[in-house]
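Let's take a friendly walk through a protein model together. Have a look at the structure below, and then we will visit its rings, its strands and its confidence values.

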Amino acid sequence: EIQAALRRLRGEEDVVSEAEAQRLATLWLSRRLEEDEEERRLGLDDTGFRKAQEIAEILDIGGGHALATGDTALMDDEVEELVREQLLSVPEASASWKRIAFALLKAQKRYAELTLRRQQGDVIETPAPLAARPDAGGVTVQQLIDDYMADPSRNRTPSTEKTYNTIFRALKELFGADTPVSSIHRRNCERIRDILVRLPKNATLRFRGLTLEQTADLADRESLERIKPATVNAYLGNLSSLFKWGIRNWRVERNPAEGLLVNNPVADIDQRSPFSLDQLKAIFNAPLYVGCVDDDSGYAKPGPNVIRRGRFWVPLLSLWTGMRLGECCQLHTEDIAEVEGVPCIFISPSAEGRDDDADRKRVKTAAGRRFVPVHPELEKIGFLSFVAEARRKGEKRLFPELEADKQGYLSGNFGKWFNDKRRFLGKVGIAGSGVSFHSFRHNYRDALRQIDISLQKVRALGGWRRDSDGEEARYGKGLTAAVLYEDIKKVSYGGLDLSHLYASTGGSD
């Protein structure tokens, strides 16, 4: 009951299908007929008989009219009582609420018809009451997985599906695809956890043909490097999400993986290191920025060219706007536009199915849908001129030379190039020091802290998740582009001089 109340407070909604609404309506009808039968079993006097007749006729006529016109408001009180009893979080007037209410309208009409027949002395048996949830014992591991992945209300990226596949594989290998989900308990999930912590890195690619347990045993024998605790916890989070979905959708009764985690000895602050000033200087004074052979295989070799394309601009965009790598790589030329005279970058996903994998844009969180004013430093370096030239060429994507990886992410190959110790960060001598491309975003967050602006502005400028679901949580609410521009102008990195990149003094394209 507490969990159900918390879900309602957080605004979480249980989606009730047609079949589930019918199940609830059948439960309601069974109870009403049982009450009627009990009264008749105890005996009805003339007054009681006439009262039962009147009620049945009223429900038959009035309920029939409501059913014919779809007036579900007649059943609102019944729906409210039912969803609370069944520990569901179903907001009034939601699609699920109306679905239940309409099913109850039909059940009420059926109740009136059956009661009138009882009034005539017909034998109308009361059907056995149905449980609020179906028998979970009949739902197998494979059925739960299939139903979960087929849910049209959920939007999963290819990389997310890939991480889920490890948990699905563990469930099927350890317990069997045809095993009833109801038989899986906490100890079973702990067994999955104990195998995950023993898995070596890249287990799926390196040890094809072996089960996860066999792979873990091999890693024990050969003392192979294991996956990180954070990765294990991500897998366990997926396992919990699977059962949590099953509860909400009446497939399972409980979540045996809830709160199941391993200790991560790496302190949170150590997992989120920004670049130091010296590291930023090393990055933006690399041959790619001061002169290289080309921005392909010759990016690390000194030369006469400064090629202002994706590899040049993406790190700068992240440093001065806080954009994630994927958000930078997927930009379209139309995403840069003026608002109230202020040049801004709009960060949002494209319409589902409108583009192919390389062009489809993705944003990590709902809070990530935002606009960010272009920092004056980016203007000095020539970003707006670069955008104008891309438009003149008729480019759709701002960085058309960036190619998507096998999963359709434009950021995939870029991240490998930038973070690899043998490539960009390795070439500038800072790979393996607890930093990665995402460190730019931490630099940006620290810079926002230094200028002492409100948390609402910080979230609007960086697309960080809101802690509440109220009106104050809507990004940029009440914040104009002009206001945000005045704040972003204050963002700076003391000691970092990028004047050698300014358009007037920068190298050639």
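**Aromatic pairs.** The model holds 24 aromatic pairs, where rings of Phe, Tyr and Trp (its six-membered ring) pair if their centres lie within 6.5 Å; planes under 30 degrees apart count as stacked, over 60 as edge-to-face and the rest as tilted. One of them joins Phe284 and Tyr289 edge-to-face, with 5.1 Å from centre to centre and 70 degrees between the planes. Phe284 and Tyr289 are both buried, a word used here for under 20% relative accessible area, with exposed for over 50% and partly exposed in between (1.4 Å probe, protein chains only).

This is a predicted model, in which local features need pLDDT of at least 70, side-chain atom pairs count only at pLDDT 80 or more, and totals for chains, interfaces and linings use all residues. Residues are numbered from 1 along each chain as its sequence is written, and side-chain values use heavy atoms, leaving out hydrogens and water.

**The sheet.** Strands of a sheet pair through backbone hydrogen bonds, either parallel or antiparallel. Here, an open sheet of 3 strands has the order E1-E2-E3 and antiparallel pairing. Its edge strands are E1 and E3 (370–373), each pairing on one side only. Strands are DSSP runs (E, at least two residues), numbered from the N terminus, and two of them pair if DSSP finds at least two bridges between them.

| Strand pair | Bridges | Residues opposite each other |
| E2 and E3 | 4 bridges | Phe346 and Phe371 |

What lies between E1 and E2? The two strands form a hairpin with 2 residues between them, and Glu340 in the turn has a positive phi of about 55 degrees.

**Cysteines.** How many disulfides are there? The count is 0 disulfides, taking a disulfide as a pair of cysteine sulfur atoms within 2.5 Å. Cys189 is buried, because its relative accessible area is 0%. Cys344 is buried too, with a relative accessible area of 0%.

**Confidence.** The pLDDT is the predictor's confidence in each residue, from 0 to 100. Its mean over the protein chain is 83, and 88% of the residues reach 70 or more. Over residues 131–137 the pLDDT is below 50, and this stretch has 18 contacts in the model beyond near neighbours in sequence, a contact meaning heavy atoms within 4.5 Å. Residues 350–360 also stay under 50, with 19 contacts beyond four places in sequence. Where pLDDT is low, the predicted coordinates should not be read in detail.
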